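Hi everyone, thanks for coming. Could you bring up the sequence and the model, so that we can walk through them together?

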Amino acid sequence: MTTVGAVVRAALRGRRGALWRLAGWSVAESLPAAGAGLLTAWAVDDGFLAGRPLVGLLWLTLLAAAVLVGAVGTARAYALLGDVVEPFRDELLHRVVAAAVGQATAAGGRGDDAVVARLTHQVELVRDTWAGLLMVVRGFVFAAGAALLGLVSLAPPVALVVAVPVLAGLGLFVLALPAMVARQRQYVLADERLGRVAVTAVSGHRDVVASGARDRTAGWVGAHVDTQARVERRLATMAATRALTLAVGGWLPVLAVLLCARWLVDQGVGPGAVLGALIYVVRGVQPALHTLVQGVAAGGLRFAVTLDRLLRTSADFDATPPRPAAPVSAPRPAAAAPALRLRGVSFRYGPRAAPVLDGFDLDVPDGDHLAIVGASGIGKSTLANLVAGILRPQAGQVRLAGLPVAGASPAELARRRVLIPQEAYVFTASVRDNLTYLRPDVPQAVLDRAVARLDLTGLVGRLGGYDAILRPADLSAGERQQVALLRAWLSPARLVILDEATCHLDPPTEARLELAFAERPGTLVVIAHRVSSALRARRVLLLDGATATVDDHDGLLARSATYRELVGYWTDGPDQVRSSPTPGQFGQRPDGYAHRSWP
């Protein structure tokens, strides 16, 4: 698993240019800290105490100019901070999204409900604390460094007196950091556990009251409250360590300078130099150390703990930006391998739930056009997701053109099948990017022919052309479905699964698009929501919870009372049902592909 240290080092190495520019303006920002004590000492010793007030004012004027330069440096440093922080945030967002999508799209995977919290809260928390940490560390390095450099220029013995306690305070803080990180992590975990427990108790309060378990539940929640309180008290004790660090590194140098003042004067150091030394300590070293300790102890710990949790959630997925896919063509199935084969497939949504499919068998030949029908909630979309590899069966096997879906990589599945669900996926990008998402290398001529074949030239024109930016919120549900259907048409996959992918379209548009897909090379499976889809299909698979039957439309009307009833709901009456084309038109009678009784 990638560690926090490795991620931070990689982020810094990748932003060397921005860091050097930031360092340059930080030098300008630190000019007042470097010159404050020295210019004050010269103003006092060579000016005011020597009876030359104009000279003293001149040195103070130079100090004011240094302050102005420092203000410009501060403004530029904050402006450059985004060049370091924002790319780091973008990389984290990509890592989190890649992990969430990888988990959701893996065979048998599920969406992660916590990904929204990671995207909106945790990533922003890392970004803000990373920015604060950079500024705190940068400020300490340049401010304390400038102050010590000024002390050396002013009086080397004073610099030695100040440096020793400052380094001692820093060493004490560094030694305490591992314990601080550990206690901060314990606090975060205890707080999360308490939140989960509280939500569980509150959501089940009626059952708790009804079963007389109030005392037991209160004790259970109270135990977690006590644990969280103990962890928080242990975390609070680290404040004493921070106070000790500041006392040793921030105030002990002041005391040391005051105690050594008489000796310094005896060594020829002027009163102005002693005053300048105190200015360096009080206005340079002490504030820088205080900011560093408080910033690292607060934001730094949150940064380390939160980033560590983000990295752990995305540890199993590659977070490197994807490269454009190489030109691929879907492998044609072998002559003996059907486009789709299910054998003994069983699936349920929970160990105690009734099976949606139980011992289900199905063969779909290459080039077939199959409509799947059944009552709402009967398992049509479940079957589509099993075929696509989004769900994994508890028993049995699903094969696409001879390839077992279980264990197949997302790239292998994408070359063999494309699934368009009811809620079409459209993203903010150009129209071209949305259409060629599954085949980035598609030639312009092929894209133009596909748009014309699906009669979507008008839609592309209304959207502003291929290079116009498409925003999902500006499209109707039907327009989003048409964009997704054109994307599926361009896909290299030979198996197209339309899971109510035309439900927001008017019947004529739906008919035109379904017929176009039926003529597309390959196999078409349609989850039907209108009787017209069953009439257009070569074969119809009826799921009714007890049996699964495959036939053409006329055959199912003759064989299945459930199908006749379903057709009656689709139409205003049996007299409106039209006959489908005869099976002989397609050169085969498809009986017997799937007729399975479920226990």
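This is a predicted model: local features need pLDDT of at least 70, side-chain atom pairs count only at pLDDT 80 or more; totals for chains, interfaces and linings use all residues.

Residues are numbered from 1 along each chain as its sequence is written, and side-chain values use heavy atoms, with hydrogens and water left out.

First, the overview. The protein has 21 helices and 13 strands; these are DSSP runs numbered from the N terminus, with helices being H or I of at least four residues and strands being E of at least two. Of its 599 residues, 46% count as buried. Buried means under 20% relative accessible area, exposed means over 50%, and partly exposed is in between, using a 1.4 Å probe and protein chains only.

Now, the open sheet. Its four strands come in the order E2-E1-E4-E5, with antiparallel pairing. Two strands pair if DSSP finds at least two bridges between them. Which strands are at the edges? They are E2 (357-364) and E5 (403-404), each pairing on one side only. Helix H12, residues 380-388, packs on this sheet and touches E1 (340-347), E2 and E4, with its direction at about 120 degrees to that of E1. Contact here means heavy atoms within 4.5 Å. The axes are lines fitted to C-alpha atoms, for helices over the stretch in contact, and angles run from 0 to 180 degrees between N-to-C directions. Strand E4 (residues 395-400) is joined to E5 by two bridges in the antiparallel sense, and Arg399 has Pro404 in E5 as its bridge partner.

Next, strand E3, residues 369-374. Why is E3 described as largely enclosed by the rest of the structure? Because six of its six residues are buried. His369, Ala371 and Val373 point one way, and Leu370, Ile372 and Gly374 point the other way. E3 runs parallel to E10 (residues 523-527), with four bridges between them, and Ala371 stands opposite Val526. Five bridges join E3 to E11 (residues 539-543), again in parallel; there, Ile372 has Leu541 as its partner.

On to helix H18, residues 507-519. Among the buried residues of H18 are Ala511, Leu513 and Phe517. The buried residues pack against H15 (444-453), and also against H17 (477-490), E9 (495-499), E10 and H19 (531-536).

Finally, the rings. A search of the whole structure finds nine aromatic pairs. Rings of Phe, Tyr and Trp (its six-membered ring) pair if their centres lie within 6.5 Å; planes under 30 degrees apart count as stacked, over 60 as edge-to-face, and the rest as tilted. Phe347 and Tyr349 are edge-to-face, because their planes are at 90 degrees, with centres 4.7 Å apart. Phe347 is buried at 6% relative accessibility, while Tyr349 is exposed at 53%. Ring pairs also link Phe88, Trp130 and Phe303 into a cluster.
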